[in-house]
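These are notes for a colleague who is opening this entry for the first time.

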Amino acid sequence: MKVFLGLGANLNRPQHQMEGALVRLGAPRAVSSLYRTTPVGGPSGQPDYFNAAIALLWDRSPFALLRLIHDIEADFGRERSVRFGPRTLDIDILAISGLSIDSRELQVPHPRARERAFVLVPLADVDAKLAATFGYDGHCPAEVVKTAPFDASNGTWIADNGASTSTGAMGE
Ligand SMILES: Nc1ncnc2c1ncn2[C@@H]1O[C@H](COP(=O)(O)OP(=O)(O)OP(=O)(O)O)[C@@H](O)[C@H]1O
Ligand SMILES: Nc1nc2c(c(=O)[nH]1)N=C(CO)CN2
């Protein structure tokens, strides 16, 4: 089945953690550009986030994918303390083709995706029709800034405008 994941990070070296997650998740079918986004919710003063979305083929259960995601987040130093607090790596299952799940530990499509430009703008890079089903209208708000296209030849994002992808404050 085809699964769509959202990636976010705003501590340490976000691009590094997100590229590490791509390696762990296996060859993605599509990867969005990397976006720098203003934090939504959580404590004030946290660094900007980096966000991206990917599509991937997955042939095990969605719950096995959730477990893998939790392992990857933990391996990259994710601590779960403050809700919507800053994090080294967050991976959300945004959608799974042809499937919806409503269990205590997993809800798919992701119930908060449709409210979040930091999710929908990258998701539209990967699958514009899917983003439209979440109500995305193609508008990229000022709080979401494209910083780097993905280079599939080496599996990394290219910071093409000199923009630093390290958040500095609170990280490193
Ligand atoms: N679609 C989903 N993708 C990822 N986790 C999910 C999903 N649906 C439910 N969960 C559950 O949500 C729990 C909390 O996830 P997490 O800590 O990443 O939340 P958050 O990033 O702080 O908030 P949000 O879920 O709003 O992005 C996870 O342990 C997982 O069991
Ligand atoms: N810009 C931005 N803000 C957030 C993000 C995120 O990934 N990007 N994730 C959150 C919790 O999932 C809360 N707020």
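A residue counts as near a ligand if one of its heavy atoms lies within 4 Å of it. The model is predicted, and the points below should be read with that in mind.

1. The shell around ligand 1 has 15 residues, and R80, R87, E105, R112 and R116 come nearest. By class, eight of the shell residues are charged, four are nonpolar and three are polar.

2. Where the shell of ligand 1 comes from. Helix 2, residues 62-75, and strand 5, residues 90-96, each give at least two residues to the shell around ligand 1. Strand 5 has the largest share, with three residues.

3. Which distance separates ligand 1 from the side chain of R116? An oxygen atom of the ligand is 2.7 Å from an N or O atom in that side chain. For H110, an N or O atom of the side chain is 3.4 Å from an oxygen atom of ligand 1. For D92, a polar side-chain atom lies 3.3 Å from an oxygen atom of ligand 1. How much of ligand 1 does the protein bury? Taken alone, ligand 1 exposes 620 Å², and the protein buries 83% of that.

4. Surroundings of ligand 2. The residues around ligand 2 are T37, T38, P39, V40, Y49, N51, F84, R87, D90, R116 and F118. Five residues of this shell are nonpolar, three are polar and three are charged. R87 and R116, listed here, are also among the residues that come nearest to ligand 1.

5. Polar contacts of ligand 2. A nitrogen atom of ligand 2 is 2.7 Å from an N or O atom in the side chain of T37. N51 has a polar side-chain atom 2.8 Å from an oxygen atom of the ligand. On its own, ligand 2 has 340 Å² of accessible area, of which the protein covers 96%.

6. Where do the ligands sit?

7. The annotated segment. An unreviewed UniProt entry lists residues 83-94 as "domain: 7,8-dihydro-6-hydroxymethylpterin-pyrophosphokinase". In the model, residues 83-94 are 0% helix and 42% strand, with the end C-alpha atoms 19 Å apart.

Methods: Residues numbered from 1 in each chain as written. Chains lettered and ligands numbered in written order. Predicted model: local features only at pLDDT ≥ 70, side-chain atom pairs only at ≥ 80, totals over all residues. Heavy atoms only, no water. Polar contact = N/O pair within 3.5 Å; in protein donor to acceptor, adjacent residues only side chain to side chain. Areas by Shrake-Rupley, 256 points an atom, 1.4 Å probe, with all protein chains shown as cover. Helix = DSSP H or I, 4+ residues; strand = E, 2+ residues; numbered from the N terminus. Nonpolar A, V, L, I, M, F, W, Y, C, P; charged D, E, K, R; others polar. UniProt positions renumbered as here; feature names shortened; annotations may be inferred.
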